[in-house]
Amino acid sequence: MNDADAPFEVRDSHVHGLGAFATRDLRRGERLGFYAGRRWSAAEIERLDWDNALTYFFGLSDGSMIDGREGGNGTRHFNHSCAPNCAAYEVEDEDGRLQIAIEARRAIRVGEELFIDYSLDIGDEDPADFACHCGAPRCRGTMAAPPPPKKARRRG
Ligand SMILES: [Zn+2]
């Protein structure tokens, strides 16, 4: 189902399952929507049985998560790319609640598929279990978050 006002539509993707595609030219910095879904608190997440649903969960800095499978919108169909044309970031709504906003990182042409970098927090799991096939020249090979930068080694 597509939201008539949304600047994108959901249809088959050659990258993975369904994808989101621009329905008009988008400006750099244009807001495309908010990631919606059921909220899980940090305490609930600890008791959660993960069953492979990780790619639908969006983690927030307060330790809670948004589960796009329940009550989600079209933004849950943004596929992952290691060189994404969109970015997701946290904003607070009027009540101070954290939200995930998604915006265009650059000008996007009508019909282009929209991507974000999932940077999944996979804990102790194998990054290879979250293989990436985005095809970007600098593809990390996994949808997992990149390892933290190594500290520069001092010489002498
Ligand atoms: Zn990739």
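User: Are Cys-82 and Cys-134 buried or exposed?

Analyst: Cys-82 and Cys-134 are both buried. Buried means under 20% relative accessible area, exposed over 50%, and partly exposed in between (1.4 Å probe, protein chains only). This is a predicted model, in which local features need pLDDT of at least 70 and side-chain atom pairs count only at pLDDT 80 or more, while totals for chains, interfaces and linings use all residues. Residues are numbered from 1 along each chain as its sequence is written, and side-chain values use heavy atoms, leaving out hydrogens and water.

User: Which residues coordinate the zinc ion, and at what distances?

Analyst: Donors are N, O and S atoms within 2.8 Å of the metal (3.2 Å for Na, K and Ca); water is not among the atoms, so sites may look incomplete. Here the SG atoms of Cys-82, Cys-132, Cys-134 and Cys-139 coordinate the zinc ion at 2.2 to 2.4 Å. Along the chain these donors are spaced C-x49-C-x1-C-x4-C. Cys-82 sits in the loop between strands E7 (79-80) and E8 (86-92), and Cys-134 in the segment after strand E10 (113-116), so the pair ties together parts 52 residues apart in sequence. Helices (H or I, at least four residues) and strands (E, at least two) are DSSP runs numbered from the N terminus.

User: What geometry do the four donor atoms give the zinc site?

Analyst: Ideal angles for four tetrahedral donors are 109.5 degrees. Four donors count as tetrahedral if all angles lie between 85 and 135 degrees. The angles at this zinc ion are 103 to 112 degrees, and the site is tetrahedral.

User: Where does the Post-SET annotation fall?

Analyst: The unreviewed UniProt entry places "domain: Post-SET" at residues 128-144. UniProt positions are given in the numbering used here, feature names are shortened, and annotations may be inferred rather than shown by experiment. The span is 0% helix and 0% strand, and its end C-alpha atoms lie 9 Å apart.

User: What is the order of strands in the open sheet?

Analyst: Strands of a sheet pair through backbone hydrogen bonds, either parallel or antiparallel. Two strands pair if DSSP finds at least two bridges between them. The open sheet has four strands in the order E1-E2-E10-E7, with mixed pairing. E1 (8-12) and E7 are at the edges with a single partner strand each, so one side of each lacks a neighbour in the sheet. E2 (residues 18-22) and E10 pair in the antiparallel sense over two bridges, and Phe-21 stands opposite Glu-113 in E10.

How values were computed:
Four donors count as tetrahedral if all angles lie between 85 and 135 degrees; four count as square planar and six as octahedral if opposite donors are over 155 degrees apart and all others between 65 and 115; anything else is irregular.
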